[in-house]
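Dear colleague,

Here is the structure I promised to pass on. My notes on it follow below.

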Amino acid sequence: MEMLALEFEIPMERFNQVMDAIVWNDASIEWVYYNEKRGSAVFRLSVPRECLEWFLLRLAMAAGPLEVTITETEHQKTYIHEAFLIHLNTVSGGYPVVVLLEYYRGVFYPTDITIVTLPNPPQELIDSVMNLTIGRVRLSTASHVGRSVSNNTLIMRLKTGVAERTYTEHLLTVG
């Protein structure tokens, strides 16, 4: 089973909620570092690859807005990905959302984007997410690859097209 390493920092006010999410969702803690000056805790966890999206959504519900660094080692190569855990409000309520950016062809622009939220979200939420820009990444320019629901989690997969061309060529076409 392929394991991924997740690292993130949270304020101590959210420590108990995050610990509950870790314990109840079978993640493995590698270490936790308490930073007294910042009043925060830094976590390093191991999560099975097949549970990543599901676990990130549970973490988003517990921790609130958060940036997570994900390390994947495959065939003696290491990839560094990032996930943005956010909360979006719509007329029908607030929703936790995960935007996972995976960097397989370079370190500057993701090749794969995965959006994760609760199942059956309103179209307004999907539209809001698809109009997000994270750094240089405009989600609206990515191609939809698939959409599925499992374990009470909606997963939408996108491709950026970077795999087919260089990063510079990609930036010239999307701005």
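Directly after helix H1 comes Asp26, with a positive phi near 60 degrees. Please keep in mind that this is a predicted model.

H1 spans residues 15-24. Its buried residues are Val18, Ala21 and Ile22. These cover an arc of only 100 degrees around the axis, so they sit on the same side of H1. An α-helix has 3.6 residues a turn, so residues three or four places apart point the same way. Asn16, Val23 and Trp24, on the other side of H1, are exposed. The cover over the buried residues includes strands E1, E2 and E3 and helix H2.

**The sheet**

Nine strands make up an open sheet: its 9 strands run in the order E2-E3-E1-E4-E5-E6-E7-E11-E10, and the pairing is antiparallel. At the edges are E2 (28-35) and E10 (143-150), each of which pairs on one side only. From one strand to the next the twist averages 20 degrees. Strands of a sheet pair through backbone hydrogen bonds, either parallel or antiparallel.

- E2 and E3 are antiparallel and joined by 7 bridges; Tyr33 stands opposite Val42 in E3. The two strands form a hairpin with 4 residues between them, and Gly39 in the turn has a positive phi of about 65 degrees.
- E1 and E3 are antiparallel and joined by 9 bridges, with Leu4 opposite Val47 in E3.
- E1 and E4 pair over 3 bridges, in the antiparallel sense. Here Ala5 stands opposite Thr71 in E4.
- E4 and E5 pair over 9 bridges, again in the antiparallel sense. Leu66 has Leu85 in E5 as its bridge partner. This hairpin has 2 residues between the strands, and His75 takes a positive phi near 50 degrees.
- E6 (residues 93-102) and E7 (residues 112-117) run antiparallel and are joined by 6 bridges. The bridge partner of Val99 is Ile115 in E7.

How many of the residues of E3 are buried? The count is 9 of the 9, so E3 is largely enclosed by the rest of the structure. Ser40, Val42, Arg44, Ser46 and Pro48 point one way from the strand, while Ala41, Phe43, Leu45 and Val47 point the other way. Both sets are buried, Arg44 included.

**Helices across the sheet**

Helix H2 (residues 52-63) lies across E1, E3, E4, E5, E6, E7 and E11, and runs at about 135 degrees to E6. Helix H3 (residues 123-130) lies across E5, E6, E7, E10 and E11, at about 135 degrees to E5.

**Aromatic pairs**

The whole structure contains 3 aromatic pairs. In one of them, the ring centres of Phe8 and Phe43 are 5.2 Å apart and the planes are at 15 degrees; planes under 30 degrees apart count as stacked, so this pair is stacked. Phe8 belongs to E1 and Phe43 to E3, so the pair ties together parts that are 35 residues apart in sequence. Are these two residues buried or exposed? Phe8 has a relative accessible area of 4% and is buried. Phe43, at 0% relative accessibility, also counts as buried. Ring pairs link Phe8, Phe15 and Phe43 into a cluster.

In soluble globular proteins, nonpolar side chains tend to be buried together. In this model the largest nonpolar core has 27 residues, and those with the most contacts inside it are Leu6, Phe8, Leu56, Leu59, Val68, Ile70 and Leu85. The elements that give two or more residues to this core are E1, H1, E3, H2, E4, E5 and E6. H2 supplies the largest share, 7 residues.

Ile70 shows how the parts come together. Leaving aside neighbours within four places in sequence, Ile70 is in contact with Leu4, Ala5, Leu6, Leu52, Leu56, Tyr79, Ile80, His81, Ala83 and Leu100. There is also a second, separate core, of 21 residues, which includes Leu101, Ile115, Val129 and Met130.

Regards

Technical notes: Residues are numbered from 1 along each chain as its sequence is written. This is a predicted model: local features need pLDDT of at least 70, side-chain atom pairs count only at pLDDT 80 or more; totals for chains, interfaces and linings use all residues. Side-chain values use heavy atoms; hydrogens and water are left out. Two strands pair if DSSP finds at least two bridges between them. Axes are lines fitted to C-alpha atoms, for helices over the stretch in contact, and angles run from 0 to 180 degrees between N-to-C directions. Contact means heavy atoms within 4.5 Å. Rings of Phe, Tyr and Trp (its six-membered ring) pair if their centres lie within 6.5 Å; planes under 30 degrees apart count as stacked, over 60 as edge-to-face and the rest as tilted. Buried means under 20% relative accessible area, exposed over 50%, partly exposed in between (1.4 Å probe, protein chains only). A nonpolar core is a set of buried Ala, Val, Leu, Ile, Met, Phe, Trp, Tyr and Cys residues joined through side-chain atoms within 4.5 Å. The arc is that of the directions from the helix axis to the C-beta atoms.
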